[in-house]
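Subject: Structure handover

Hello,

Here is the structure I promised to pass on. Please open it first, then read the notes below.

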Amino acid sequence: MSDLTQGTGQGPTGPFLSACRDLTTLLDWSGRIIAVACLAVMFVFLFINVVLRYAVGDGIPWAYEIHAILLPWLVAGGVLVAAAQGRNIAITILPNLMSANALRWLMVMVSLLVFVICVSVVWTGQPTFRAAKFQSLATLGLKQVWGYASLIYAFGGMAVIALMDATRALLGDIRHAGTSLS
């Protein structure tokens with residue numbers, strides 16, 4: 001038995017693995033907070049707008065645009081929560097047939113592939129992000145870049161989670177590496 005498992009039945013331990021788990025948990029909670037805040041703000045302004053339209057016949061003009069900024073952040077928050085909890089869509093036929101060591105290497109390879117994809121999305125999206133600095137919402141006057149920034153948050157966060165998952169899998173922490181396969 002390795003010194004990481006220490007016979008506890010809880011998988012590998014140590015300050016580095018703990019830090020990896022903590023970073024993933026932090027991203028999970030940031031996604032939850034962002035998603036709930038976006039839902040709450042969109043609901044409140046939609047409700048107020050409906051009440052105003054029925055009560056006085058006119059609503060808040062910018063209430064129709066707020067979703068252009070908040071909806072991408074809602075989705076980005078949800079994506080990070082799913083990634084942090086390993087709850088993305090997965091086909092587990094191959095992993096279920098593999099030995100623990102083979103599963104560990106599969107997790108490393110998949111996590112590194114996800115990392116590369118996420119970094120490439122952020123990298124190739126730079127021209128769009130730069131262009132969005134010059135696009136404004138008509139009523140709110142906010143720059144579109146605030147909505148597009150959610151892509152950097154989501155894919156940057158997923159890249160960090162994938163890197164933490166790969167690190168944890170390399171160190172034998174498959175059970176906690178963003179998956180429930182083992």
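**Salt bridges**

Asp165 forms a salt bridge with Arg168, and their closest N and O atoms are 3.9 Å apart. A salt bridge here is a side-chain nitrogen of Lys or Arg within 4 Å of a carboxyl oxygen of Asp or Glu. Asp165 and Arg168 are 3 residues apart in helix 6, so about one helical turn separates them. Both residues are buried. Buried means under 20% relative accessible area, exposed means over 50%, and partly exposed lies in between (1.4 Å probe, protein chains only).

The count comes to 2 salt bridges. Asp28 pairs with Arg32, with the closest N and O atoms 3.0 Å apart. These two are 4 residues apart in helix 1, again about one helical turn. Asp28 is buried, at 9% relative accessible area. Arg32 is partly exposed, at 31%.

**About the model**

This is a predicted model: local features need pLDDT of at least 70, side-chain atom pairs count only at pLDDT 80 or more, and totals for chains, interfaces and linings use all residues. Residues are numbered from 1 along each chain as its sequence is written, and side-chain values use heavy atoms, with hydrogens and water left out.

**Overall fold**

The chain has 6 helices and 0 strands. Its pattern along the sequence is α-α-α-α-α-α. Helices (H or I, at least four residues) and strands (E, at least two) are DSSP runs, numbered from the N terminus. Of the 182 residues, 34% count as buried. Take the contacts between residues at least 6 apart in sequence: 71% of them join residues at least 24 apart. Contact means heavy atoms within 4.5 Å.

**The core**

The largest nonpolar core has 20 residues. Such a core is a set of buried Ala, Val, Leu, Ile, Met, Phe, Trp, Tyr and Cys residues joined through side-chain atoms within 4.5 Å. Leu80 and Ile161 have the most contacts inside it. Helix 1 (15–56), helix 2 (66–85) and helix 6 (145–170) each supply at least two residues of this core. Helix 2 gives the most, with 9 residues.

What does Leu80 touch, leaving aside its neighbours within four places in sequence? Leu80 is in contact with Leu27, Ser30, Tyr153, Ala154, Gly157, Met158 and Ile161.

Thr167 also lies in helix 6. Thr167 is buried, at 19% relative accessible area. Not counting residues up to four places away in sequence, Thr167 touches Phe16 and Cys20.

**Helix 2**

Helix 2 has 20 residues and reaches 29 Å from its first C-alpha to its last. That is close to the expected 28 Å, which is 1.5 Å times one less than the number of residues. Its buried residues include Ile66, Trp73, Leu80 and Ala84. The buried residues of helix 2 pack against helix 1 and helix 6. Just after helix 2, Gly86 takes a positive phi of about 65°.

**Surface**

The accessible surface of the chain is about 10900 Å², and 72% of it belongs to carbon and sulfur atoms. Areas come from the Shrake-Rupley method with a 1.4 Å probe; for residues, only the protein chains shown count as cover.

Phe43, Val44, Phe47, Ile48, Val51, Leu52 and Val56 make a nonpolar surface patch of about 620 Å². Patches are made of residues with over 30% relative accessible area and no salt bridge; like charges are joined within 9 Å, and nonpolar side chains (Val, Leu, Ile, Met, Phe, Trp, Tyr) within 5 Å. Val51 is in helix 1. At 39% relative accessibility, Val51 is partly exposed.

Best wishes
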